[in-house]
Amino acid sequence: MIKPSTETIVEVTGLKNFLGGRWVHEGLNFNLRRGEIIAIIGGSGSGKTTLLRAILMLLKPAAGSIKVFDIDVTHCNAAQALSVQKRWGVLFQNGALFSSLTLLENVAYPLKEYALLPAAVQAEVAALKIVLVGLEPDAGNKYPAELSGGMQKRGALARAIALDPELLFLDEPTTGLDPNAAGDLDRLILKLRESLGLSIIMVSHDVDSLWVVPDRVIFLGEGTVLADGPMVDVVNSDHPLIQEFFSGPRGRKGGH
């Protein structure tokens with residue numbers, strides 16, 4: 001097991017976001033240390049996706065700072081932004097694979113965009129990543145529509161790690177998967193963290209995953225961070241919103 005270092009690679013300070021006529025965030029503060037996995041959770045409307053979009057530079061916050069690799073991505077130039085983006089990978093909730101490309105072409109796409117490598121080497125690296133996420137080599141010749149939901153997620157994960165990122169973002173990685181496939185993906189995420197030395201921020205509402213994957217769970221609510229710690233501590237919080245979140249059948253499922 002990799003022990004997270006004391007080096008902070010993502011630091012969110014005083015983050016505020018105003019959307020749809022209301023303050024979604026009113027001063028969020030948290031960090032991610034190198035080698036660590038954190039999960040962002042919270043009820044509907046708590047701003048989990050908004051937070052992820054802000055970190056990924058897809059949304060301009062109203063106030064606050066987001067430092068990634070010591071660069072404030074809320075106030076950086078294009079060259080700095082690109083230097084940070086090359087060091088992270090993203091698994092979007094729906095996989096977001098290009099339907100008109102084979103899986104191999106999908107995984108090779110970031111290499112084609114950012115890496116100065118011959119086409120043959122791009123294909124070789126992409127094939128390696130496909131095997132690394134537990135897929136058979138011939139899966140690379142198939143189109144996304146020919147893959148099961150679990151295979152699509154793994155393929156999208158292969159694309160997310162194509163450039164050997166240091167930082168990985170996972171948006172609802174187990175959504176749409178049956179319990180067995182979700183459990184397999186959880187184990188794969190932990191294995192990739194170990195083998196590639198990844199630091200990971202995941203957004204999830206899958207309680208079973210939350211007990212297994214993250215080192216820390218960050219619960220968003222009321223525009224701020226209501227809890228930040230191991231899953232067992234967050235579940236046992238006495239805050240009414242957190243108690244309500246975990247009190248339903250889905251919340252109790254997997255309660256250890």
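The largest nonpolar core of this predicted model has 45 residues, and those with the most contacts inside it are Leu103, Val133, Leu157, Leu168, Leu170, Phe219 and Phe246. A nonpolar core is here a set of buried Ala, Val, Leu, Ile, Met, Phe, Trp, Tyr and Cys residues joined through side-chain atoms within 4.5 Å, where buried means under 20% relative accessible area with a 1.4 Å probe and protein chains only. Helix α6 (residues 179-196) gives the largest share of this core, 5 residues. Apart from it lies another core, of 28 residues, among them Ile40, Leu56, Ile71 and Val203.

Leu103 is also one of the buried residues of helix α3 (residues 103-114), and what covers these buried residues includes α4 (119-132) and α5 (149-160); helices are DSSP runs of H or I with at least four residues, and strands are runs of E with at least two.

The sheet is open and consists of 6 strands in the order β6-β7-β8-β3-β9-β10, with mixed pairing, where two strands pair if DSSP finds at least two bridges between them. Because β6 (88-91) and β10 (224-229) stand at the edges with a single partner strand each, one side of each is left without a neighbour in the sheet. Between β6 and β7 (residues 167-171) the pairing is parallel, over 4 bridges, and Val90 has Phe169 in β7 as its bridge partner.

Residues are numbered from 1 along each chain as its sequence is written. Local features need pLDDT of at least 70, side-chain atom pairs count only at pLDDT 80 or more, totals for chains, interfaces and linings use all residues, and side-chain values use heavy atoms, leaving out hydrogens and water.

Note on methods: Buried < 20%, exposed > 50% of the residue type's maximum accessible area, 1.4 Å probe, protein only. Contact = heavy atoms within 4.5 Å.
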